Amino acid sequence: MVERRGKADRRAALPGVIAVLLVALLALFPLPLIAPALERMSFAIFDNFQRIEPREYEDAGVRVVDIDEETIRRLGQWPWPRTDIAALTDKLTAAGAAVIAYDVVLSEPDRTSPPRLAKRLALDPQARATLARLPDNDELLAKSFAQSPVVTGFFLTHDQYGRTVEPKAGFAISGGEPTHLAEFSDAIPPLPGLQAAATGNGFVSIATDSDAIVRRAPLIAHNGAAIVPSLSLEALRVAQGAGAVIVKTGDGSGEIGGAGDVVSLKVGQFEVPTTRSGDLWMRYTAPVPGRVIPAWKILTGALSPEQLKNDVDGRIIFVGAGAIGLRDLVATPLQDRELGVMVHVQAAEQMILGHFLIRPDWAPGLEIALLLILGIGIAVLVPRIGAVKGAAVGAGAILLTGAGSWYAYTAHQFLLDPTWPALAVAAAYLVQTILTFYREERQRAYIHHAFDRYLSPELVKRIADDPALLELGGTERDMSVLFADIRSFSRISERLAPNEVIAFLVRFLTPMTDLLLGYKATIDKYIGDAILAFWNAPLDDPDHHVNAARAALAMQERLKALNEEMIGRGDGTWPGEVKIGIGLNSGPCCVGNIGSERRLSYSLIGDPVNLASRLEGLSKYYGVSILMGDALAKNLSEFATLPIDRVRVVGRDAAETVHVLLGDVAMGASYGFMSFEKAHLAVIEAYYTQKWALAAELNDANEQAAATFGLTKLVMLYRDRIAAFAANPPSAGWDGIYEASSK
C-alpha cells in the first residue's frame, strides 16, 4: 500500500516537474517572441530596487553646465555663435575645470561666422571684403579648445556612410580581442578643426533596453575597426591625464568569462567592472540640484569669479542642453524624462566613487539551480499538502528568492534575478493546482454559462468564486466615473422611427461599450442614449484615473470614425453627424449590490457620480467635448488639461473647479499646448483678480490658438463675461463662481 501510494505521489508530481523543466529550457534558450517580455520582468525588479534604495549622492567632483530654458531666453536661440561656446569654455577653463566634456555634437560649421556671412549676404564689395577678413568663429572656438582640457562629443550610427572617428585615447587589450562590443558602421564627428584641437573625443550615443529605459551606459564601442570611448570614460581619462585605457577580457583577467567578454576597464587609477559588451550597469541617484549650473549664470557674470571657481575648480564639467526643444531626454529607472547628459554624469560619478552594480558571471548558474530546486520541490509538495498549504509554501519560496535578491543588491551591489525561480515555482504550482481543481472549475464554468448573458464577466467571475457577493451591501473606494450622452438625442429620435432609433443606438453603443471594456471599465447602466461607466470596481485598477481619461479620448476618436463610416454609407441608418458630451470625475463612492432582496444591481452611488452627470451637461455650455472635476484632473498632470471655470452645479452646495480634457500625454508635452496653456492660465488669473481690461486683451489674443484646440466657444463665453463685469463690476466678496442654472 505504501509503495503504491509513493508511486501515485510521484505520478502526481510529474506534470509539475515537466513544467519546471520547460521553464528551465526557456531560461537557457529563450524564445524570441517571449524573451523581451521576460527580460522586462527582470528589469522591473531591478528598477524597483533602485527606486526603493537609489545610490546615495556623494560629491564626486562632477557638474553639469545646463543650457536650460532660461539660458536660451537670456542669450538667444540655439545654435549659438561659436564665439559664445568659446567664451563659456574660456570661463570654465579660467575657473580651473579639470575637463570640459561637451554632450553637444558640433558637426556643422557656424552659419554666423563672418566669412560665411560675407558669402550669403547681399553686401557691397568693400563690406563683403571687410567681413571676409574677420576671424572665422569655428577657428576661434578651436583655439579656445586648444588652450582648454576639452572633450568633444560625436554620434555613433548604423548608417552606411562608413565614417569613422580616430580616438584620442589609446586602448590596450589584456587578453583576447573583445567580440561583444556594440558595432557601429558610421559616426557623426565634430568639425575636423574642433576635433583636432580637443584633448579628447567621446561618443554621446546611449542605447536603451527593449522598453526604452537606460539601465546600462556604454563605455566603449566599435566604430569600424577601432575601439572608441564614451564621453564619460574619455572625460575621466582626460581629467587624470591618462594616455590609454586598458580593456581586460575574460582570458586575460584571471576572472570567469569568455575569451571575447569584456570584464573591466582601467582608466588611470580607476578600474571599472563592465558587462561583456563594455557597458556599465547604472545605479542612479535621486535628482540633486547642486550638480547643475545654468550656463547663463556663467556667461552673464551672475556668478562671480570666486563663486564660479568654487563650483568648477578641479571638477569634471559636462555641458548639456536642457532647454525645451533641445532636450536630449531618456528614461531611467528613477525618472521618466531625464537629460541624456545626466547618464554620462552619473556614469562618471560611479567610476570615480567605485559604486558599481555587478551582474556576476556565476549569477545565471545560481538562478537555474534555484529554479530546479524550488520548482521541483513545489511540484512534489503540492499533491501531498494541498493547494492552500502549497500556495503558502510557494509564496514563501518566491519571497525568499526576492529577499535574497534584495540582500544581494543592498549588501553587495549584485544583480541576482529572482524571476526564473519565481516562474518555476508559479508554473509548478499552477499545473498541480489546475489538475487538482479540475472538477471545481467545471462547476464554475456552468455558473459562467448560466449568467454571462445577464451580468458583466467580472461580476460573474466574482460570484462564481464567492456566492456571498449576491447579498446586499457595498464598500467605499476611490473610483473614476464616466457619464457620456448623445447631443440633441431628442431631435434625433424625433426624426427616426422607433425601430430605427433602436438600430442606431445598437450601432452607437456597441463600439463604445467595447472600447470602454478595453480600458478596464465596468458598465453600470445605459440610460437611454447615455452610458454610465466606472473604474476600480469590482476589480482593483491602480491606473483608473488614466484609464478613464484615455477611454474618454478614445470615445471621441471612435465617434469621428463612426461618423465618417456610417454617413458614407448613405443608407439613412445614421442620423447625420453625431456628437457626444462626456463628464468625468473621481472620488470616494459606495459600490456594490444595491437594490431589493429580489433584484440586485451592481452599481455605485456618491457625490462624484452626480457631479460627473452634471459635468456632462455643462460640457455643451462651454462648447467642449470632455469636462472633468478637479479631483480627477489632479491625477492627470501629464495630460493636456486646462482649468476653465469655478462652478456650483444644481443640487450641490460646494463649488468645483472644472477642467477640460483636450488630449493625452503626447499633447500635454507638446510645445503648442504648453504655450497655449500658459496663455490660457494668464486669462483665468486676470479674470479672477478682476483685471478686466487685461483679461479682455489676453482673451482676444488667445482666440486663434484656442480655435486650434476647439475652444472658440469658451473664448466667446469669457469675452461676454468680462465685458459684462467691466460694465457692471461684481460686488465685494465676489468669488468668481458660476452658478449653473440647469442640469
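Helices here are DSSP runs of H or I with at least four residues, strands are E runs of at least two, and both are numbered from the N terminus. By that count, helix α1 covers residues 2-28 and holds L25.

Before going on, the basis. This is a predicted model, in which local features need pLDDT of at least 70 and side-chain atom pairs count only at pLDDT 80 or more, while totals for chains, interfaces and linings use all residues. Residues are numbered from 1 along each chain as its sequence is written, and side-chain values use heavy atoms, with hydrogens and water left out.

The overall picture, then. The protein chain has 27 helices and 27 strands. Its C-alpha trace spans about 100 × 90 × 55 Å along the principal axes. Of its 743 residues, 46% count as buried, where buried means under 20% relative accessible area, exposed over 50%, and partly exposed in between, with a 1.4 Å probe and protein chains only. Contact means heavy atoms within 4.5 Å. Among contacts with a separation of 6 or more, 74% join residues 24 or more positions apart.

Now the surface. Accessible areas come from the Shrake-Rupley method with a 1.4 Å probe, and for residues only the protein chains shown count as cover. The chain's accessible surface is about 36,200 Å², and 57% of that belongs to carbon and sulfur atoms.

Two patches to show. Patch members have over 30% relative accessible area and no salt bridge; like charges are joined within 9 Å, nonpolar side chains (Val, Leu, Ile, Met, Phe, Trp, Tyr) within 5 Å. A salt bridge is a side-chain nitrogen of Lys or Arg within 4 Å of a carboxyl oxygen of Asp or Glu.

The nonpolar patch consists of L14, I18, L22, L25, L28 and F29, with about 620 Å² of accessible area together. L25 counts as partly exposed because its relative accessibility is 46%.

The positive patch is R111, R116, K119 and R120. Lys and Arg count as positive, Asp and Glu as negative, and His and the chain ends are not counted; each charge is placed at NZ of Lys, CZ of Arg, CG of Asp or CD of Glu. R120 sits in helix α5, residues 114-120, and is exposed, at 56% relative accessibility.

Last, F184. Is F184 buried or exposed? Its relative accessible area is 17%, so F184 is buried. F184 belongs to strand β5, residues 183-184. Beyond its neighbours within four places in sequence, F184 contacts L156, T157, H158, A221, H222, N223 and G224.
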